Amino acid sequence: MTVEDYARELNVDINVVIKKAKELGFNYKDAEDILDDDAIVMLDNELGDYSSADNNLTEELADKFELEDRAEEAALAYNIEIDKDVKVKEKIKKKDSNKQAQEDLSLKKKNIYKNKSKLQSNKEQVESNTVIYKEGMSVSDLAAGIGVSASDVVKKLISMGLMISSNQAISFDDASIVVLDYNKEIIREETTDITNFEEYVINDKEEDLVLRPAVVTIMGHVDHGKTTLLDYIRSSHVADKEAGGITQAIGAYQVEKDGRKITFIDTPGHAAFTEMRARGASVTDIVVIIVAADDGVMPQTKEAIDHAKAANVPIIVAINKIDKPNINIEKIMSEMSELGLTPEEWGGDTIFVKLSAHTGEGVDLLLDNINALSEVSELKANPNRYALGTVIEARLDKNIGPVVTLLIQNGTLRLGDPIVVGTSYGKVRTLKDDSGREVVSAEPSKPVEVTGLEDVPVAGDKFMAFESEKEARSVALKRKEHEKAKKQAHKALSLDELFDQIKEGRKEINIVLKTDVKGSEEAVKNALLKISVEGVKINVIRSGVGTITESDVVLANASNAIIIGFNVSPSRDTKEAAKEHNVEIRLYNIIYKLVEEIEAAMKGMLDPEYEEIVIGEAEVRQLFHFSKVGNIAGCHVTSGVVRVNTPCRVIRDGIVLATTKVATLQREKDQAKEVKQGFDCGMTIEDFPDIKERDIIEVFEVKEVKRI
């Protein structure tokens, strides 16, 4: 921005900006000169008081007045009514009391910029005894990495019973065996590619690691007291009440219990939690599932448990509202046990805490348990390296640009550090903690709000700080290219691909199962869990009764799962969500076919696939009864085309009642072969007399899918 724009933003005189810039060593002469990033950051530190002080006055201005004798002049300068000179004195005294703290912060900021110590680089040096394996690596490439001739490696492979020439590709597993004979280690390329935040491996030395606060997410059914609990914890355990108060400025905050800090992330719900996990953001160390004692386990409680289990983190159950009458805690503990969370007092391994977020009873015990679980987990990080972590939330401020809440997961983030967030590059221009105070640095597990990025990232995006702007810009550019290529190449996990993944070492297949009734759910789930192929395990991460929902799609996407529906039909919105998230939905109505197909996929012996293609949908608007014909459904075709003698499903409230075919079709008084979208028609369904208004008739064709 120009000097003029910057002066206008801070509401100060242009000459003040130019003068201060010269003091800092920058040579700007007029209002149209362009300020660079370093100048803006350093000017912010020097002139920040202009924008934050009452009535846009600096400390220097206050020093001009003798407070007791020149209240009138002070009031004029501070733009305050003269008859409020007592208030004038209070305001200026308040400025004086804060002056030392502000000077200390300003001095710290100057030191951060002028005397920045070098942190450990996130870019790990590959040791001399390490070989980097690249996808499609040839035997010759492997030999060069080891430092021997290709013929030596070929001989070694022959002795292993592998006839691979020097120009052929070698698998990672085979290469791993070869390098052992040369006393070397082999690692995949993605673990050394600093542009790949999601896969990048950082090996900290044990002596550099220190204990860090636990990061906790609270989830549960709506109205079960999550917000009340968070508010109570924040108001009673804020780490520094004097300076920070209890105002939560960002979507994450730290509290303190018995000298130990705990970081809470305030997510809007389990769907958002899983969306972040789907983007590779494993930010949570502990999940607290909250259940209302007067309400019990509800659908969203079960969903929250599914999401927490899929994230593979410790779970604490908080039974809230114990101050209410007519509660049944034993029933809740029993229901939670059925969902796989057995209380410790019943011989299980899940911590249960009874509390009231309204009165505060039991809240300290919950925090004590979080601290205990954190201690057992030995959560550690290295504060002496450049920071890396995850975006919690982001927004666009029309005055200052992108404002991003970051959670530091390792290292230390400082003012002025060049960072890459997602695919965006930036430089930390301002740094604020969870109570809105300006800070100069942030250590592991601390949530902070930063400005200075070029674009608004997405919640769940990873970030990393770098030593130089040049390196940060280069990494951001490469990440943009990778993201573009990834979008073009990414496709859904299908049954056809499962066998390939199994051969590559995949040991678990995740499945989200939805059925029409409880009996079907148990039968299908048990049948799936009995499948055993070459030690590969079926993992049903969620099963339930009812139609497939968008929440199921989000969970499947995050867990790299396929969705299996038995006698159910997803809505059009759900199908669109599955397409958008690249999640495959497989629908069945016969258990043995479902089991056969999954088992065949696991063995890599799928028969030719027949795909059901929905060609049209019609909604029953009115029923007509004729003694000779039976019920005729007066329908409106809502999408596609409906054809006579074509297979169809009758769906009521998302449940498939029958799979049959369209027997007759009529437009007005004439028989018709097909009726297109937007038209009304009369329809009879073969072998299904119990048609009702609002039923959906889904018409489909079965086509063989040619295998490539």
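**A friendly note on this predicted model**

Glu-612 is partly exposed, with a relative accessible area of 40%; here buried means under 20% relative accessible area, exposed means over 50%, and partly exposed lies in between (1.4 Å probe, protein chains only). This is a predicted model, in which local features need pLDDT of at least 70, side-chain atom pairs count only at pLDDT 80 or more, and totals for chains, interfaces and linings use all residues. Residues are numbered from 1 along each chain as its sequence is written, and side-chain values use heavy atoms, with hydrogens and water left out.

1. **Around Glu-612.** You can find Glu-612 in strand S23, residues 609-626. Helices (H or I, at least four residues) and strands (E, at least two) are DSSP runs, numbered from the N terminus. What does Glu-612 touch, not counting residues up to four places away in sequence? Its partners are Arg-649, Phe-700, Glu-701 and Val-702, where contact means heavy atoms within 4.5 Å. Leu-587 is 25 residues from Glu-612 in sequence, and the two are 9.3 Å apart in space, C-alpha to C-alpha.

2. **The whole chain.** Stepping back, the chain has 21 helices and 30 strands. Of its 708 residues, 48% count as buried. Take the contacts in the chain with a separation of 6 or more: residues 24 or more positions apart account for 70% of them.

3. **The pair H1 and H2.** Two packed helices are described by the angle between their axes and the distance between the axes. Helix H1 (residues 3-10) packs with helix H2 (residues 14-23) at an angle of about 110°, and their axes are 9 Å apart. That angle makes H1 roughly perpendicular to H2. For the terms, axes are lines fitted to C-alpha atoms, for helices over the stretch in contact, and angles run from 0 to 180 degrees between N-to-C directions. Angles under 35 degrees count as roughly parallel, over 145 as roughly antiparallel, 65 to 115 as roughly perpendicular and the rest as oblique.

4. **What meets what in H1 and H2.** On the H1 side, Val-3, Glu-4, Tyr-6 and Ala-7 meet Ile-14, Val-17 and Ile-18 of H2. By class, the residues of this contact of H1 with H2 are six nonpolar, no polar and one charged. Ala, Val, Leu, Ile, Met, Phe, Trp, Tyr, Cys and Pro count as nonpolar, Asp, Glu, Lys and Arg as charged, and the others, Gly among them, as polar. Helix H2 also holds Val-16, which is partly exposed at a relative accessible area of 26%. Val-16 and Leu-47 are 31 residues apart in sequence and 9.1 Å apart in space, C-alpha to C-alpha.

5. **The pair H13 and H19.** How do helix H13 (residues 299-310) and helix H19 (residues 550-559) pack? Their angle is about 10°, with the axes 11 Å apart, and H13 and H19 are therefore roughly parallel to each other. Glu-303, Asp-306, His-307 and Ala-310 of H13 make the contact with Ser-551, Leu-555 and Ser-559 of H19. The contact of H13 with H19 has two nonpolar, three polar and two charged residues.

6. **The buried side of H9.** Look next at helix H9 (residues 172-180), whose buried residues are Phe-172, Asp-174, Ala-175, Ser-176, Val-178 and Val-179. The buried residues of H9 pack against strand S1 (130-133), helix H7 (139-146), helix H8 (150-159) and strand S2 (185-188).

7. **Cysteines without a bond.** A disulfide is a covalent bond between the sulfur atoms of two cysteines. How many disulfides does the structure hold? The number is zero, with a disulfide taken as a pair of cysteine sulfur atoms within 2.5 Å. For Cys-648, the closest cysteine sulfur is in Cys-635, 9.8 Å away and too far for a bond. For Cys-681, the closest cysteine sulfur is also in Cys-635, at 5.2 Å, too far for a bond. Cys-648 is buried, with a relative accessible area of 0%, and Cys-681 is buried at 7%.

8. **Two positive phi values.** Most residues other than glycine have a negative phi, and most peptide bonds are trans. Asn-326 has a positive phi, near 55°. Asn-326 sits in the loop between strand S8 (315-320) and helix H14 (329-338), and is exposed, with a relative accessible area of 77%. Glu-378 has a positive phi near 50°. Glu-378 lies in the loop between helix H15 (363-377) and strand S10 (380-381), and counts as exposed at 53% relative accessibility.
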